[in-house]
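Open the model in your viewer and keep the selection tool at hand. This tour goes stop by stop, saying what to select and what is there.

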Amino acid sequence: MDLITPDFGLFFWMLVTFTLVFVILKRYAWKPIVQALREREENIQEGIDNAEKARIEIENVRIKSDKIISESIVERDKLIRQGREIKEKIVAEARVEAEEEAKKLVETAKKLIEEEKVAAVNQIKVQIASLSVEIAERILRKRLKEDTDQKELMNSLLEEFKLN
Amino acid sequence: MPFSLQKTADTRVNVLYNMLRIAAIILILSVSASTITATGADENPLEDVKFEPGAFIFDHIGDAYDWHLFDIGGKHYSVPLPVILYTREKGLNIFMSHKFEHGYASYRGFRIITDGPEKGKIRVVREDGTIDPDAAKPLDLSITKNVTGMFFAALLMMAIFLTVGRSYRRNPMSPPRGVQSLFEPLILFVVNDLVKPAIGEKKYVRFLPYLLTLFFFIWINNMLGLIPIFPMGANVTGNISVAAGLAVTSFLVINLSGNRLYWQHIFNTPHVPLLLKLPIPIMPVIEIVGMLTKPFVLMIRLFANITAGHIITMGFFTLIFIFGEVSPAFGYGGSVLSVGFGIFITFLELLVALIQAYVFTLLTALFIGMAVDDGH
């Protein structure tokens, strides 16, 4: 048979075979294959998308937790600072109070001392008074004997007092 | 997805499977039975025939009414194939091709022409056995060598893709296994790297069944053409009729899917001076010629590439016999070189088999893409 002359018989059988193969494979092979491949592709794409979504979510959570941690650090520092301030304030207040208390005590002590002093001076005064009375008594008693003696005594007594 | 529907589809596939099995068994049985008849029937000596490389090569790449296997001891051994002839006078005649005894005998008033421009065709003969030039040519629908090879390829294709399709239908989400994993990359390649970019994301799905059938039909026929063992090794895609048939399907699909814009481009091409359309319709004529040249070029390309590959391979092997006629030692020595080159060319042909299937499918897809393009 000639190489480049188309032969009707072969041409006819070729079209028949090709059409049959096409019709059968279209129905029972290509449709399920293409559909399955597309489904699988979509499934894989969905998986990838979900993974990406999860990754972003995790990233967000990480950012959030980082934020929370940094905020809590700030909070902690603030609390510590506040605590220190409160402590200092309390200490300062306590010191002021203590000082005041001490002052009060000193004052009371001073008052007491003053009172004691006054009391002592009074006592001294009383003693002086009684001494004077005694002296006067002794003078009076001597006067009854002689004048000169009296004078002498007076002087010696005075001398005594001066020495005191 | 309704379960019952899926199940009926599955049972239908099973029915198809059984039909395929029966067809394969019939093919094998008929071949083995007929090989014996051929051996007995054929007793035409081949002695003193000078080796003609040209005729040898063209006999091997051409079509034939029987499937020649080998010659031993001056005898042809070949598988007879059904001859189907119809003439108005004689009606329908169906018989096996070994009745012709390789063209040496006429049968039921028919004979194979052995030389001249119509060599290899069947013509009506007169009572004395000479060809009747006045008789009408018979309508020849014989199952020739190429038709048998093509049937085998079609059966193989259905066996492969029904299996693959079934495993996809059963577990669409599981990773591919067995034959499925062999063909999935190819299917994905055709779908994603060939059809999708050529036609466009929106419209490609509709054309997938045709283009996938086309690609695998060409590829499997090309590949089987490289295996020189019956029932493979017929030069199916390298035959102009088969290439023409494929081009016709391509032409039909391209033009039947053409949209308004496509036809407007053909009959009233925009951005072209009116003088080119009226009064002499130069542009429409050019466009219509273009419509026809597209599939014509596809046909020529496939036919020429595959035939060329077969001719070169056969050429290297005929060198052995040409050298052998000079001296046997020269023949043996040359055979080493010839076989080496033959193997090299066969490897090249493996690549060409895929490339030609790819090119035919890609160009058809591109032409479809142009035909359905809506101007965006």
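**A hairpin in chain B**

Next, select residues 66-72 and 75-80 of chain B. These are strand 1 and strand 2 of chain B, which run antiparallel and are joined by six bridges. Click on B:W67: its bridge partner in strand 2 of chain B is B:V79. Then go to the turn. Two residues lie between the strands of this hairpin, and B:G73 takes a positive phi near 60°.

**Chain B as a whole**

Of the 376 residues in chain B, 35% are buried. Among contacts in chain B between residues at least 6 apart in sequence, 66% join residues at least 24 apart.

Colour chain B by pLDDT. The mean is 85, and 91% of the residues of chain B reach 70 or more. Now select residues 38-47 of chain B, where the pLDDT is below 50; beyond near neighbours in sequence, this stretch has 21 contacts in the model. Where pLDDT is low, the predicted coordinates should not be read in detail.

**Chain A**

Switch to chain A. It has two helices and zero strands. The radius of gyration of chain A is 64 Å, well over the 15 Å that the globule rule gives for 164 residues, so chain A is more spread out than a compact globule. Its C-alpha trace spans about 200 × 25 × 10 Å along the principal axes. Buried residues make up 10% of the 164 residues in chain A.

Pick out A:L79, which lies in helix 1 (residues 8-143) of chain A. Is A:L79 buried or exposed? A:L79 is exposed, because 10 other C-beta atoms lie within 10 Å, and a residue with 12 or fewer counts as exposed. Then draw a distance from A:L79 to A:E116. They are 37 residues apart along the chain, and their C-alpha atoms are separated by 54 Å.

**Where the chains meet**

Finish by showing both chains. In this model, 42 residues of chain B are in contact with 31 residues of chain A. Helix 1 (3-41), helix 3 (145-170), helix 4 (179-199), helix 5 (208-225) and helix 6 (240-256) of chain B each supply at least two residues of the side that touches chain A. Select helix 3 of chain B: it gives the most to that side, with 13 residues. By class, the side of chain B that touches chain A has 27 nonpolar, eleven polar and four charged residues. The model scores ipTM 0.87 and pTM 0.76.

Conventions: Residues numbered from 1 in each chain as written. Chains lettered and ligands numbered in written order. Predicted model: local features only at pLDDT ≥ 70, side-chain atom pairs only at ≥ 80, totals over all residues. Buried ≥ 20, exposed ≤ 12 C-beta atoms within 10 Å, placed from the backbone. Contact = placed C-beta atoms within 7 Å. Helix = DSSP H or I, 4+ residues; strand = E, 2+ residues; numbered from the N terminus. Nonpolar A, V, L, I, M, F, W, Y, C, P; charged D, E, K, R; others polar. Pairing = 2+ DSSP bridges. pLDDT = per-residue confidence, 0-100. Rg over C-alpha atoms; globule rule 2.2 N^0.38 Å.
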